[in-house]
Every structure is written in structure tokens, then in C-alpha cells.
Amino acid sequence: MMRVCLFIVVSVLGFSCSRQTTLTAVLTPRTLKAVNLEETVSRRDELMMAYSLTSYDAQNKPVGVVNGGWGVESAQKGQQVDLRAAQPISLALPKNGKIVASLVLIEVDDYNQAKQMLDQIRQVHNVVSGPAAFLVTATEILTPLKYVTAGLAASGIGLKLADQFDDDDLLGQSSVELNEAEMRQKKQRFVRVPAVFTGQNLRDAFEYQLEYDVTLNVMKIQPTRQ
Ligand SMILES: [Ca+2]
Ligand SMILES: [Ca+2]
Ligand SMILES: [Ca+2]
């Protein structure tokens, strides 16, 4: 398991206020390789991913959350898994705020339950939930799994998710934090996050390598004419 975090210093230098723009963060799962299966005896793992974007304003108050899901797909040892069906999710990045992108990879043991969960996630795919329904407080230190489960709970589903994704099934979790002022100052529009998930289920070791992107798209706000 590997957790990737970027700790970014807030800076207001080099800031241009002449044109109003807003940034939208887009999370896209890119690559997934099954280096070593969790269930070597059966010679295939059944995989699903759940991912989320969570935004915070300049006061570090949660603003919104979106969810995405992928799977269930089976993988064999050494396979480069096709992630083209993993749909991107996007969320506005508040000015002087931040966005946390989180992703979990799960090896499914109860196929029907996982399928039901993914059907539910698909129904709220990329639908922004507001702070009223949001259970995450700014002061809590969260694991990527907690971000994902809190995001799904904010969308009205997934309260049982954390129970379902017991430790045996959770292959790994990763998250990355993007600070708006920092990204703006560096004129950085893209972060690629590599993650290696390794561990052990009973006597069976596993290893998965994956990458996901967070891209910032600029949306220009037209000045109001009077
Ligand atoms: Ca193995
Ligand atoms: Ca398993
Ligand atoms: Ca399985």
C-alpha cells in the first residue's frame, strides 16, 4: 500500500487578477497492471475501483464531492488491465482552496454485492454533492478510503461500503492533494500519480501498479457587461 500526498505551500505571489478564470479538476484512472494476483490459486482477481474528488474552500471548509467507479473486471497475472471504461470525474477547484483526489482498488469476493455497489455509484457518477450532505470535517485526517466512503455517503449511498471493503479485499488506496494557489503560481495543469499496492492476503502476496491523472482545465468566466 502506498499513499501519495503532495503537501503544498500556499502562495499568493505571481497572481494575476486581470482575468477571472476558474479551474476544474478532472480525475482519470490511466493504467493498472496485475503484477501478482491476490488469489493466485484461482488464477484470477476480480477488480473494482472507486474514486472521488473532494473540494475545500479557502477557509478549508468542504464544498463538494463527486464519485466514480469502475469494474468488476477480472485480471490474470501480468495483465495490463483495460481502463478505458473508467470514466473521469470532475469538480471545480475553489479559488485559494484545494482538491483531494482519492482512489481505492478492491479485489472482489462477493461479486453480486460489488455489482450492486457499482450500479449505485454509476447512478451518481460525476454528480456534485454539496456540503450539507457532506460528512467529512476539515480537521479530520482521512485515509483515501475514508474520503471515498465519505464521498459516497454524501451522495446518499455507500454507508455499508467500508464494511464491505474489509481489509482482505482492499488492495490499496492512494490520494493526492492539489492546492489552487500553488498550481496557479506554478502554472501547473497536470499531476500524474503513480502508486504501487502490495500486501498479503493469508499466504498470498499481491502487487498492483497503477497510475491516475488529475488535470486542471481552465474555464474562463465572461465579465458581466453593464
Ligand atoms: Ca499472489
Ligand atoms: Ca479476495
Ligand atoms: Ca475474488
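Asp 119 counts as exposed in this predicted model, because 11 C-beta neighbours lie inside 10 Å of this residue, and a residue with 12 or fewer is classed as exposed. Asp 119 belongs to helix α1. Along the sequence, Asp 119 and Gly 69 are 50 residues apart, yet their C-alpha atoms are 8.9 Å apart in space. Helix α1 itself comprises residues 111-123 and lies across β2 and β3, running at about 140 degrees to β3.

The chain as a whole contains four helices and nine strands. Read from the N terminus, the elements follow the order β-β-β-β-β-β-α-α-α-β-α-β-β. Of the 226 residues of the chain, 38% count as buried.

An open sheet is formed by four strands in the order β3-β2-β6-β7, with antiparallel pairing. At its edges stand β3 (62-75) and β7 (170-179), each of which pairs on one side only. On average, and with direction ignored, neighbouring strands of this sheet are turned by 10 degrees against each other. In general, the strands of a sheet pair through backbone hydrogen bonds, either parallel or antiparallel.

Within this sheet, strand β2 (residues 45-56) pairs with β3 over twelve bridges in the antiparallel sense. Asp 45 stands opposite Ala 75 in β3, and Thr 54 has Val 65 of β3 as its bridge partner. Strand β2 also runs antiparallel to β6, to which it is joined by ten bridges; here Tyr 56 stands opposite Lys 98 in β6. Strand β2 is largely enclosed by the rest of the structure, because twelve of its twelve residues are buried. From β2, Asp 45, Leu 47, Met 49, Tyr 51, Leu 53 and Ser 55 point one way, whereas Glu 46, Met 48, Ala 50, Ser 52, Thr 54 and Tyr 56 point the other way.

Helix α2 (residues 144-154) lies across β2, β3, β6 (98-107) and β7, and runs at about 100 degrees to β6. Ten of the eleven residues of α2 are buried, so this helix is largely enclosed by the rest of the structure. The buried residues of α2 include Pro 144, Leu 145, Tyr 147, Val 148 and Thr 149. Also buried in α2 are Ala 150, Gly 151, Leu 152, Ala 153 and Ala 154. Helix α2 is followed by Gly 156, which has a positive phi near 90 degrees.

The largest nonpolar core has 52 residues, of which Ala 25, Met 49, Leu 53 and Leu 105 touch the most other members. When its neighbours within four places in sequence are left aside, Leu 105 is in contact with Leu 47, Met 49, Leu 171, Gly 172, Phe 197, Tyr 208 and Leu 210. Of these contacts, Leu 47 and Met 49 point one way from β2, together with other residues including Leu 53.

Strand β1 (residues 21-36) has antiparallel pairings with two further strands, β5 and β4. With strand β5 (residues 89-93), the pairing extends over five bridges, and Thr 24 stands opposite Ala 92. With strand β4 (residues 80-81), the pairing extends over two bridges, and the bridge partner of Leu 32 is Val 81.

Several local features of the backbone were also identified. The peptide bond from Gly 71 to Val 72 is cis, with omega near -5 degrees, and Val 72 lies in strand β3. Arg 43, although not a glycine, has a positive phi of about 65 degrees. Arg 43 is placed in the loop between β1 and β2, and this residue counts as exposed because it has 10 C-beta neighbours inside 10 Å. A positive phi, near 65 degrees, is likewise found at Asn 60, a residue other than glycine. Asn 60 lies in the loop between β2 and β3, and the hairpin of these two strands has five residues between them. Asn 60 is exposed, because 11 other C-beta atoms lie within 10 Å.

Notes:
Residues are numbered from 1 along each chain as its sequence is written. Chains are lettered from A and ligands numbered from 1 in the order in which they are written. This is a predicted model: local features need pLDDT of at least 70, side-chain atom pairs count only at pLDDT 80 or more; totals for chains, interfaces and linings use all residues. Two strands pair if DSSP finds at least two bridges between them. Axes are lines fitted to C-alpha atoms, for helices over the stretch in contact, and angles run from 0 to 180 degrees between N-to-C directions. Two residues are in contact if their C-beta atoms, placed from the backbone, lie within 7 Å. A residue is buried if 20 or more other C-beta atoms lie within 10 Å of its own, exposed if 12 or fewer, and partly exposed in between; C-beta atoms are placed from the backbone. A nonpolar core is a set of buried Ala, Val, Leu, Ile, Met, Phe, Trp, Tyr and Cys residues joined through C-beta atoms within 7 Å.
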